[in-house]
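Let's take a walk through a protein structure together. Have the sequence and the 3D view ready, and look up each residue as it comes along.

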Amino acid sequence: MPIPSLCTSDPILFPTTLGRPRGFPPIGTMVCSSSSDEMHLGIPDDLLIAEVLIHLPAKSLARCRCVCRSWRAGIAAAAFVRRHRDLSRARPPLSVLAIPRECDPDDRHATSTDITFHRLVLPPPGQMATEADLVLHKTWHEGITRAIYPTHCDGLVAIATATDKVFVSNPATGEFAALPLCTHNAELDHGVAKAVPVALGFDQWRNSYVVARYFYWTYGETTFDEATDEWVQDGDYDIGHEVFTLGGGGGGGSSWELTDDPPHLRLMRFGLRDRKFEVVSRPPTPGWSHLDSMAAMDGKLCYVHATADASFFQLWMADDGQDLQWSLRCRIVHAPGFRYFKPIIEDGDMLVVAVGETVNRYNVQNGSMEEVVDKQLRLQCKRLEGSEFISQRRLLL
Amino acid sequence: MEVDKGKGEAEETRKVAEADRDTVTLKSSDGKLFEVSKEAAARLSTVLAGMIAGGSIDDNGTDLKQIGSEALENVVDYCNKHANSIPSAALISSSISFNTAPFKEPEEWERKFVDRLSHDALFDLVEAANFLGMERLLDVTCHKISEMMKGKSPDQIREVFNIKNDYTKEELEEIRQELAWAFYDD
């Protein structure tokens with residue numbers, strides 16, 4: 001029986017159903033490099049780039065760019081960047097980035113000249129983390145408010161403060177920069193929020209990372225009218241937005257913000273394509289509470305709804321489409337006293353969550369909650385209390 | 001009609017006989033023959049699986065002209081000795097749950113398997129694994145190579161992979177400055 005010739009176009013020989021495209025260059029290109037001596041080191045460049053370099057972390061990859069022109073070109077190619085990012089996204093991160101801040105509950109404008117980023121490596125189930133590496137220590141002489149609201153995308157971190165100042169950092173590369181001063185957000189004059197989040201995302205239509213931020217030109221007051229026993233809206237709300245472009249890369253998505261816009265709670269999505277806000281569906285919760293919050297878990301939008309007495313939380317997850325499709329991921333009953341619950345990482349039935357002021361592992365199946373950070377480490381890190389925890393993925397260039 | 005029917009039956013019988021064999025014979029570029037478990041070959045190599053399913057396996061040795069005997073011996077060794085402990089390629093790719101490790105960590109024996117290889121043999125095995133569509137073996141060998149790259153300077157990488165530096169001095173200086181952060185520490 002004749003053996004069919006092996007060629008890459010044969011769908012049986014080179015199935016694409018394995019989840020990720022592999023190197024598999026056409027056989028014709030598998031030519032050994034022309035080394036003159038006896039050395040036979042002939043892995044073709046395309047195979048090395050597609051199968052080996054693709055898995056290297058950012059630092060090693062940067063060095064590889066210095067090796068030769070073809071490696072540099074391969075690493076810079078759009079397809080490489082896209083796949084490197086997808087592979088990074090496909091793997092649930094096993095570490096959490098902690099940004100400890102000693103907050104003063106009475107003074108949200110209190111500042112500190114230092115900011116540190118710690119990498120907390122998550123231990124296997126049943127064990128506690130005993131180490132947190134200092135990834136980046138930055139001194140900013142003008143001061144950064146102690147109250148911050150970090151958001152993240154692909155390892156980049158945007159740090160919103162209690163002022164209009166926004167910082168962007170790539171802890172892996174040590175970059176830390178302030179965005180040009182933004183439009184003043186009148187919301188900050190009204191003590192509504194300690195720090196107002198900004199959105200960090202990848203604009204696939206313009207091929208760049210962007211920070212999008214909303215602000216109030218004018219922020220109306222709501223006063224309580226004792227005669228009618230009702231809250232009365234006094235004055236207008238006028239919302240604007242601005243977008244800052246950060247750099248190149250691949251991929252896509254939208255950014256979301258929750259606007260706490262009395263008297264109705266609306267969820268607005270900022271579309272990167274047309275750069276506009278639009279009102280999208282909220283999860284079908286009975287009402288809302290001021291403890292409700294939103295977070296991005298593994299690139300998916302989550303809405304955490306707290307019951308009025310905070311006796312349990314509902315975790316809703318959105319499918320991003322024309323409108324948001326919400327599904328209830330789980331219902332979390334927790335120990336009283338915790339007023340704060342933020343999902344960070346999803347790993348099968350296990351959720352890594354920031355609860356109160358520490359990091360816990362929550363089993364969706366049986367409802368068990370297990371603390372991840374041991375007390376000694378919390379002391380070592382001088383107050384992880386007040387930390388902002390966000391998921392940390394392998395960082396991209 | 002009758003002739004056709006007879007021929008069909010003969011083919012049927014032959015196919016059954018082929019299916020009964022639980023090994024396949026592979027022939028390297030230099031004509032050496034290797035026996036490998038059919039089940040393992042089909043499970044670990046998408047190319048061999050396609051050939052087995054398509055009935056294009058030659059009992060007298062399926063020609064693999066692109067693979068030398070040393071590399072093929074390693075491929076067969078990998079399949080035969082360790083087939084039972086490896087989940088199928090499809091399973092591996094759907095159960096990736098790690099971060100800092102760039103691949104699903106090789107098992108201890110897989111580590112030993114690639115550690116004993118010389119650079120040349122390792123590189124040949126990468127090509128063979130790629131050629132045969134052996135997802136897991138490709139991962140294990142590429143993992144070893146990526147380990148070899150970590151913490152190495154561009155000069156050391158060029159030496160290991162026998163790559164010519166085709167940058168000018170000025171260009172290299174420029175890139176190095178741009179990527180200064182990658183050259184701190186280790």
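## A tryptophan and its surroundings

Leaving aside neighbours within four places in sequence, Trp326(A) is in contact with Leu267(A), Ser281(A), Arg282(A), Pro283(A), Pro284(A), Leu301(A), Cys302(A), Tyr303(A), Trp316(A), Met317(A) and Ala318(A). Keep in mind that this is a predicted model. Take Pro283(A) from that list: in sequence, Pro283(A) and Trp326(A) are 43 residues apart, yet their C-alpha atoms are 5.5 Å apart in space.

Is Trp326(A) buried or exposed? Its relative accessibility is 14%, and the cut-off for buried is under 20%, so Trp326(A) counts as buried. You will find Trp326(A) in strand E19 of chain A.

## Rings that meet

Now look at aromatic rings. A pair of them is described by the distance of the centres and the angle of the planes. Over all chains, the count comes to 11 aromatic pairs. In one of these, the rings of Phe167(A) and Phe176(A) have centres 5.2 Å apart and planes at 20°, so this pair is stacked. Both partners are buried: Phe167(A) has a relative accessible area of 1%, and Phe176(A) has 9%.

The centres of the Tyr303(A) and Trp326(A) rings lie 6.1 Å apart with the planes at 80°, so the pair is edge-to-face. Tyr303(A) belongs to strand E17 (residues 300-306) of chain A and Trp326(A) to strand E19 (residues 324-333) of chain A, so their pairing ties together parts that are 23 residues apart in sequence. Tyr303(A) is buried too, at 0% relative accessibility.

Which residues do ring pairs link into a cluster? They are Phe117(A), Trp140(A), Phe167(A) and Phe176(A).

## Nonpolar cores

The largest nonpolar core holds 60 residues, and those touching the most other members are Leu53(A), Trp71(A), Ile145(B), Met149(B) and Phe161(B). Which helix gives the most to this core? Helix H7 (residues 119-131) of chain B does, with eight residues.

Not counting residues up to four places away in sequence, Ile145(B) touches Ile43(A), Leu48(A) and Val52(A) from chain A, along with Leu122(B), Phe123(B), Val126(B) and Phe161(B) from chain B. A second, separate core has 16 residues, among them Val304(A), Phe313(A), Leu315(A) and Val364(A).

## An open sheet in chain B

Three strands of chain B form an open sheet in the order E2-E1-E3, with mixed pairing. Strands E2 (33-37) and E3 (62-63) of chain B stand at the edges with a single partner strand each, so one side of each has no neighbour in the sheet.

Strand E1 (residues 23-27) of chain B runs antiparallel to E2(B), and five bridges join the two. To see one of them, find Thr25(B): its bridge partner in E2(B) is Glu35(B).

## An annotated stretch

Finally, a note from a record. An unreviewed UniProt entry carries the annotation "domain: F-box" for residues 44-73 of chain A. In the model, this stretch of chain A is 67% helix and 0% strand, and its end C-alpha atoms are 15 Å apart.

Terms used:
Residues are numbered from 1 along each chain as its sequence is written. Chains are lettered from A and ligands numbered from 1 in the order in which they are written. This is a predicted model: local features need pLDDT of at least 70, side-chain atom pairs count only at pLDDT 80 or more; totals for chains, interfaces and linings use all residues. Side-chain values use heavy atoms; hydrogens and water are left out. A nonpolar core is a set of buried Ala, Val, Leu, Ile, Met, Phe, Trp, Tyr and Cys residues joined through side-chain atoms within 4.5 Å. Buried means under 20% relative accessible area, exposed over 50%, partly exposed in between (1.4 Å probe, protein chains only). Helices (H or I, at least four residues) and strands (E, at least two) are DSSP runs, numbered from the N terminus. Contact means heavy atoms within 4.5 Å. Two strands pair if DSSP finds at least two bridges between them. Rings of Phe, Tyr and Trp (its six-membered ring) pair if their centres lie within 6.5 Å; planes under 30 degrees apart count as stacked, over 60 as edge-to-face and the rest as tilted. UniProt positions are given in the numbering used here, feature names are shortened, and annotations may be inferred rather than shown by experiment.
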